[in-house]
Amino acid sequence: MLTNLKIENVAVIEKANISFENGLNILTGETGAGKSIVIDSINAVLGERTSKEIVRTGEATARVTAYFEDIPKSAVEVLSELDVDDEGDGTLLVSRVVSLDGRSSCKINGQPVTATMLRRLSGELITICGQHDSQTLLQSESHLGYIDSIAECGGLLSQYRELYREMRKLKKELNALSVSEADKQSRLDFLSYRINELESANIVPGERERLKAIKVKIQNREKIVGSLYACKSLLSGDENSSGLTDGLHTLSSFLSQLSAYNGDYDSYISSIDSFRYELEDCLSQISDELDSFEDEPVDINEIEERLDVLYRLSKKYGETEEDMLTSLDEARAEYDSIAFSDEKKAKLEMLLSEKEREVFNLGCLISDCRKAAALRFEKQVSSELSFLNMPHAVFSVSFKDTEPQENGLDEVEFLFSANAGQEPRPLAKIASGGELSRVMLAIRCVLSDKDKNDAMIFDEIDSGVSGRAAQKIAAKLRQVSSGRQVICVTHLAQIAAAADNHLLIEKETDGVRTVTKVKKLENGEREREIARIIGGDIITEATLLSARELINFSSGSLNET
């Protein structure tokens, strides 16, 4: 339940601290006073799209804060999904700040969140029934959603949608195989050429780097061989001198003799021996490399030709040898897929036929479930319309079979007739504004038991309505507000008189600045506001008496209804 709404610098509202109660909360005020701003502020703090235009002139930011109590379990579960801390006492604080630069920031229990996260949570807190809802009644594509909300076939619908997605996937795969024979053969020829070219190249990973290294050695053979011989001579010696390894061996022998008299030389002997072994390993590697140069020389032209082949292939099939081999694997796989497409196509067709049968059968079950719910829905809405001063109204749900779609095999449209003897026709074509408001209220009353939220907002529900119909709407709002919170903006005295909590929105100006204020009305104040609604700015004893009678009637007979 929304217990408090704080609005700061939103349009003409400088500051407003509004307390809402359980039961029927009514907002009234003159046209242009700012009633719609309060509803817009609620929408904003619930994450709906807004703009910098709501920021009050001369201010940098607008802020709206909403405080909820006794939030439903479903809202607590959403908080957990969003990884937002739950206060644990059933309360919730939501805020939103909108800046002049168009940016906005949202918080839940002081924790920053996105507007999308806020919208996800708000769906568990409040149901808003505004002019937008009336417009959705004019769009037949939205009617199926109303039926599904009472049909209780959500589990079947989830299964259906999963099967439908699988069916679409099979169709897509099948369409990909359905190419002409000419295109098929052309693609096979292309893939065959690619496969032959790559296979005949006998590509080996790392080959180019190895060939480049060999090429460098061949091109610098004389320098390398000369350096190798010089190193070998220095290490192993020649006819005229001994090498480093022999010298280290001799040094180690002398130090061993000294060690017999002075143990301080033991560590040096170990280091010299280790170094000598490393030099001997180096000498062995040098000798092996010299031997490799004395073998049959490699033809550098052959190496360059092979490098040219690999370079050319890399430009077509991938930078590295691994990339080229991957391209070969992909070509082989596609070739097999096309070459054996007839077999694969037959298998897919069999799977698709089976999936289509599953989709159709489950769709029929859902359709039966919807039609049974629609019969109940028709009777309930018609009963509500009769109460709302439309005794001859006929409301029916028309079903049309369709090919499988995301939501089943049905197209649904609401049909309506306000007068006896008149054939029901599509609601969008014949309903007046007042009739549409009552149809929407009737539907909301029927759906109220299914609505999980304890708070509902009705914005301009009385559009195009007056007289006895207004009295009936007031009674119905009182009924809906029993055991839950209802917030309603109205221009009608009959509805205002039914309030449990009556809030007046009024605009004041000093000639320079305009400020909108929200005030809770009590007793005589309520009578004067309802008298104003009845008779305008000139309030007489007669209008005050009428207002008093409306309030007394509402507190009595409406409760009996």
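Tutor: Begin with a cut-off: a residue is buried under 20% relative accessible area, exposed over 50%, and partly exposed in between. Pro404 has 27% relative accessibility and therefore counts as partly exposed. Its place is in strand S9, residues 394-405. Please bear in mind that this is a predicted model.

Student: Is Thr490 buried or exposed?

Tutor: Thr490 counts as buried, because its relative accessibility is 0%. Thr490 is found in the loop between strand S13 (485-489) and helix H18 (493-496). A polar atom of the Thr490 side chain lies 3.1 Å from the backbone nitrogen of Leu492.

Student: How is a patch of charge read, and which residues gather in the patch of positive charge on the surface?

Tutor: The general idea is that like charges are joined within 9 Å, using residues with over 30% relative accessible area and no salt bridge. Here, Lys6, Lys15, Arg63 and Lys107 gather in such a positive patch on the surface. Lys107 lies in strand S6 (residues 104-108) and is partly exposed, with a relative accessible area of 39%.

Student: Which residues gather in the patch of negative charge?

Tutor: That surface patch consists of Glu69, Asp70, Asp83, Asp85, Asp86, Glu87, Asp89 and Asp454. Among them, Asp85 has its place in the loop between helix H2 (73-81) and strand S5 (92-99). At 56% relative accessibility, Asp85 counts as exposed.

Student: What separates the C-alpha atoms of Pro404 and Ile473?

Tutor: They are 69 residues apart along the chain, and their C-alpha atoms are separated by 40 Å.

Conventions. Residues numbered from 1 in each chain as written. Predicted model: local features only at pLDDT ≥ 70, side-chain atom pairs only at ≥ 80, totals over all residues. Heavy atoms only, no water. Patch = residues over 30% accessible without salt bridge, like charges linked within 9 Å, V, L, I, M, F, W, Y side chains within 5 Å. Areas by Shrake-Rupley, 256 points an atom, 1.4 Å probe, with all protein chains shown as cover. Salt bridge = Lys/Arg side-chain N within 4 Å of Asp/Glu carboxyl O. Lys, Arg positive; Asp, Glu negative; His and termini not counted. Charge placed at Lys NZ, Arg CZ, Asp CG, Glu CD. Helix = DSSP H or I, 4+ residues; strand = E, 2+ residues; numbered from the N terminus. Buried < 20%, exposed > 50% of the residue type's maximum accessible area, 1.4 Å probe, protein only. Polar contact = N/O pair within 3.5 Å; in protein donor to acceptor, adjacent residues only side chain to side chain.
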